[in-house]
Amino acid sequence: MIRLAARLILGGGREALVRLVVTAFGVALGVALLLFSAVAFPALHAHDLRAGWLATGAHNARPVQNESTTDPLLFLRATDHYGKQEMIRVDVAAEGPRAPVPPGLSRIPGPGQYAVSPALARLISDTPADMLAQRFPGRPIETIGDAALAGPQQLMVVVGHDPASMRAFTGVQEVRSIEGAPVRHGYNEFLRIMLTLGIIALILPVVVFISAATRLAAARREQRLAALRLVGVTPGQAAALAAIEAGLAAVCGTVLGIAVFAVVRPSVARIPFDGNTFFPSDLRLYAVPALIILLGVPALSIMAAELSLRRVRISPLGVTRQTPRPRPTWRRLIPLGAGLTGFAIALPVSVGDHGSQSSMVGVSATFLVVIAGIMTLGPWLTILVGTTMLKLRGTTALLAGRRLQNNPAAGFRSISGLVLAVFTASLICGVLPSVMTGQSTKSIPLPPGTVTALLGGRQATGIRPAAAAALLARLRTTPGITHITAIRRAPENWTTAQAQPHETPASALLTCADLNATGVAACPDPSAVVAVDLHLLGVTDKPFRTLTHPVPSARLDSLPLAALSVATDGRTTTLETARTAISAAVGEGQAAVDTTADANAELNHRLIQLQRLVTVALALTLLIAGCSLAVAIAGGLVERKRPFTLLRLAGAQPANLRRVVLAETTAPLLTIALTSAGLGLALAAIVIEANHTTWKPPDPTYWAALGSGILIAVALSAATALPLLSRLTSLQTARFE
């Protein structure tokens, strides 16, 4: 049978070879996407594992070293920025020769020494010293290795100090081991459920795409095998021939998909899915998922080919005589209704059960039933669209509507991938605005282009008046700085008129003129001195208080400088020069310096990271669905080569045939896509109700992005399929089979 199948493929002429090649390429793309899906979460976990050491503390969850055999290490981690890039700074001081060494280093930097990551070393060499290098005292002695970096583009510096001086730092910890546990993102049970649903929704369009590629020209295969049945081939032999043909294309496509994965992997590794790029070794393919994909894809392809031969098994003349297919009925609503009911029951149980494994299985199973219900209901909706089109006037509507009525399964199959993508996008985008509203943090109420600094660490212990005077003098001579607000440390003994007994007293002072310049609040007497708490540079409802015993303005210069708010022209050179000047003046990593954009991003770090992952996933889903649509349309044209050619010979114009193809694709696509979008939003409402959150509609940009995605997918499919239609129906290639 293998020899006969090979002869049929190789002897079938150019069309058979083209069909084999196109099917193999379609399967290859699907395999490559599945392989990248299989390595995505292990790669993200590799990020978390390598970044775990930055959470080192006095009580590590998974100590790397035996703490009874090591000397103390003074450890302080801080976050800095350059432009829009985050930079990790770690200050260390060894209190003995056996102090634990951080990963990626051969030794602990001493006083006046520091180690930098390769990306930061390149940035320092390409940047003026007063914008970056002056933040780090001493000289570089070593390059940080990959074991300490989340990704190859991460900016990181490890600065060494003398133990005696570092003990005076604010927030320093004494540790005897390095943390070995991965980073914990703090996702609650609800977000873990949403991530699980997102994974399922991402994989299913890939499976649909592989099935569409395998079924390419299924009708032509039916006709060829029906002819073999007439000359004596048994149903089992016909099934074996179809399986061998599909399996051969699937095996070739799988091998090609592995090659595509290997070639494209370095490029994919440079995509910062979670904010950091990857090392190519992070995209490591493990044995179990690899075997599932490499064995499952050929099995799926063979199953799709076998399902396409149902009519041939019934009768060898079934294809030629066009045996009518059973028409879908309203009963196809039952699986979808059952899935929605089960999901509405299983989701609250899972949330209440804190996302246990058994409850997650229930949520995943019912969600799969909902997906199956959409796929089952699609052909029935396609018939309704075809019936509506038949009521319209015109040849295009008549031909397209009749085809959708006669073969609704094929009509829906071509758009099913995009319909699932729309459903997924609607579900995720219907949930995120409501969930993230409660998790996001209010933005810092300072004008854009402002540099804020808490001097002496996040607790703003302050710097001495002499150092403060030198710093302010340098900032005043820096081009691009428009105003400097100096916030002083309050004296030990004083009270405020509005302070209540249960309130924490305000701890800093500034003039009303400086307070007015920040734009946060206003007070009437510019020369007056007001008391503020150190949340002035953060989020606060009470930015200032009036002093019971006012401090004379002239005395402010004699107080320690606790914080700064520096208004600039917003240029990167000005922002980074000001940031570096503050860091260098305070020294020893004791200035928490941020721009307003940096601070807002830090407040909403998890929200930004999750939104980035969702954006990438939805874009990938729409891309897969677009490819599936293009392959399905092309396959449908190849299957209907003969009727289109007969229409062309009967006098139909190519433009009319193109309109028919577009009408029978776009009409059910738009109708069913809107239905699936509504269904996705309804499911989102169920999810929001289970989380006891107020539902908020998606942002208007979602609808614009969704509509644009569908139009782009249809346009790319038309650009692929319509030239094929012209070639298939050209008078020079017309023939009867």
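This is a predicted model: local features need pLDDT of at least 70, side-chain atom pairs count only at pLDDT 80 or more; totals for chains, interfaces and linings use all residues.

A: **Strand pairing, from the inside out**

Residues are numbered from 1 along each chain as its sequence is written, and side-chain values use heavy atoms, with hydrogens and water left out.

Strands here are DSSP runs of E, at least two residues long; helices are runs of H or I, at least four long; both are numbered from the N terminus. Two strands count as paired if DSSP finds at least two bridges between them. β2 and β5 (residues 155-160) go well past that, with six bridges in the parallel sense. Val 90 stands opposite Val 158 in β5.

Now look to the other side of β2. Strand β1 (residues 73-82) pairs with β2 in the antiparallel sense, over ten bridges. Phe 75 has Val 92 of β2 as its bridge partner. Two residues lie between the strands of this hairpin, and Gly 83 takes a positive phi near 60° there.

Widen the view. The open sheet has six strands, ordered β4-β3-β5-β2-β1-β6, with mixed pairing. β4 (139-143) and β6 (173-175) are the edge strands, each pairing on one side only. From one strand to the next, the twist averages 30°. Strands of a sheet pair through backbone hydrogen bonds, either parallel or antiparallel.

A helix covers part of this sheet. Helix α3 (residues 118-126) lies across β1, β2, β3 (113-116), β4 and β5. Its direction is at about 90° to β5. Axes are lines fitted to C-alpha atoms, for helices over the stretch in contact, and angles run from 0 to 180 degrees between N-to-C directions. Contact means heavy atoms within 4.5 Å.

Elsewhere, Thr 511 lies in strand β9 (residues 508-511). Thr 511 counts as buried because its relative accessibility is 16%. Its C-alpha atom is 4.3 Å from that of Val 529, 18 residues away along the chain. Beyond neighbours within four places in sequence, Thr 511 touches Pro 526, Ala 528, Val 529, Ser 553 and Leu 556.

Then there is a helix pair. The axes of α15 (residues 465-476) and α17 (residues 572-586) come within 10 Å and cross at roughly 165°. That angle makes α15 roughly antiparallel to α17; the label applies over 145 degrees, with under 35 roughly parallel, 65 to 115 roughly perpendicular and the rest oblique. Leu 471, Arg 474 and Leu 475 of α15 meet Ala 578, Ala 581, Ile 582 and Ala 585 of α17.

Last, the whole chain. It has 22 helices and 13 strands. Of its 737 residues, 50% count as buried. Among contacts with a separation of 6 or more, 80% join residues 24 or more positions apart.

Methods
Buried means under 20% relative accessible area, exposed over 50%, partly exposed in between (1.4 Å probe, protein chains only).
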